[in-house]
Amino acid sequence: MNVQAAINAGLFVQFVYNNWNAVSQTTDLDGREVVTTAGLPVIAGKTYTVLKTIYSNDLATDINPQRPLLEGFKTIGIVAQNAADNADIFIAVRGTENIWEWIQDFKFLPRPFPNVSGSGLTEDGFTDMYLSFSLTAGPSATFMADIKALLPTNAMVTVAGHSLGAALVTLFAMDMAANSNLPIWLYTLASPRVGDLSFHNLFNHIVPNTFRVANRLDIVPKTPPPLFYFHVGDETELIPSNTMKFDILCEHHLTSYFNMLATLIGQQALYPIDADCLKAPPAAAPHA
């Protein structure tokens, strides 16, 4: 796996996290330049602009089973295009705090993935959420057709997601690979397992350029349990720095993943650990 390419892909996801409105939940990002928190292009020397915002219902859980109906559509991702090369496309999808409710449910019920014949069974919450994807802030029965109509016929598509967003882009990549001729590169960070063995086998056959990044201490990639669900793609396992405190949220943070990835190429100073995820300095020795 190209580590810098994985970081670059993750920066598109970070842009979505940084720019959707957590109060109204729905933010139109169309036309915005994709930049880092420092206001710099996510990939040096390249300017990407959001072609379309992706919306969806959020994840239903036992704690909030009616959330999709009550809260409506939310900004979940972007389709971005390189201003100097219209074939260079990035699609990025953020995660959600409701992943923790999903883990607490511990049901992980399987259901068929209807968009791809013979693709086996996938986790029902992820599948329902993906099937709500739309390029408008409302229901759509033509999402993948709308995506294909939006992109040039020679598009080279890089797809990225973190956490729940990683599960959703796994379904997206399967859908696009089975229903278009566009080449796809998929980068997932902190992805849970998505489907059964049939899904795993077909996915790895039709989306061979899949790179999955997992922190060995992060609980999310360990769910759902492996007796029925299987990971896809080529795994890169990360080990946290000894300066990062052991904390369930810190192990899962996107910024922590950036730091661990950057450590592999000696660039960790460019992607520091969040201050609240650093270990406390050792207490000073008492004076004699």
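1. Contact here means heavy atoms within 4.5 Å. With that cut-off, the buried residues of α7 pack against β5 (121-123), α6 (164-179), β7 (184-189) and β8 (210-215). Helices (H or I, at least four residues) and strands (E, at least two) are DSSP runs, numbered from the N terminus.

2. Some ground rules: this is a predicted model, where local features need pLDDT of at least 70 and side-chain atom pairs count only at pLDDT 80 or more, while totals for chains, interfaces and linings use all residues. Residues are numbered from 1 along each chain as its sequence is written, and side-chain values use heavy atoms, with hydrogens and water left out.

3. Back to α7 (residues 197-206): F199, H200 and F203 are buried there (under 20% relative accessible area, 1.4 Å probe, protein chains only). Looking down the helix axis, these buried residues fall within an arc of 100 degrees, so they line one face of α7; the arc is taken from the directions from the axis to the C-beta atoms.

4. Now the sheet. It is open and mixed, with seven strands in the order β1-β2-β3-β6-β7-β8-β9; pairing takes at least two DSSP bridges between two strands. β1 (48-56) and β9 (234-238) sit at the edges with a single partner strand each, so one side of each has no neighbour in the sheet.

5. β3 (residues 85-93) is worth a look. Seven of its nine residues are buried. Six bridges tie β3 to β6 (residues 156-162), running parallel, and I89 has V157 as its bridge partner in β6. Six bridges also join β3 to β2 (residues 74-82), this time antiparallel, with A80 opposite F90. β2 and β3 make a hairpin with two residues between them.

How values were computed. Buried means under 20% relative accessible area, exposed over 50%, partly exposed in between (1.4 Å probe, protein chains only).
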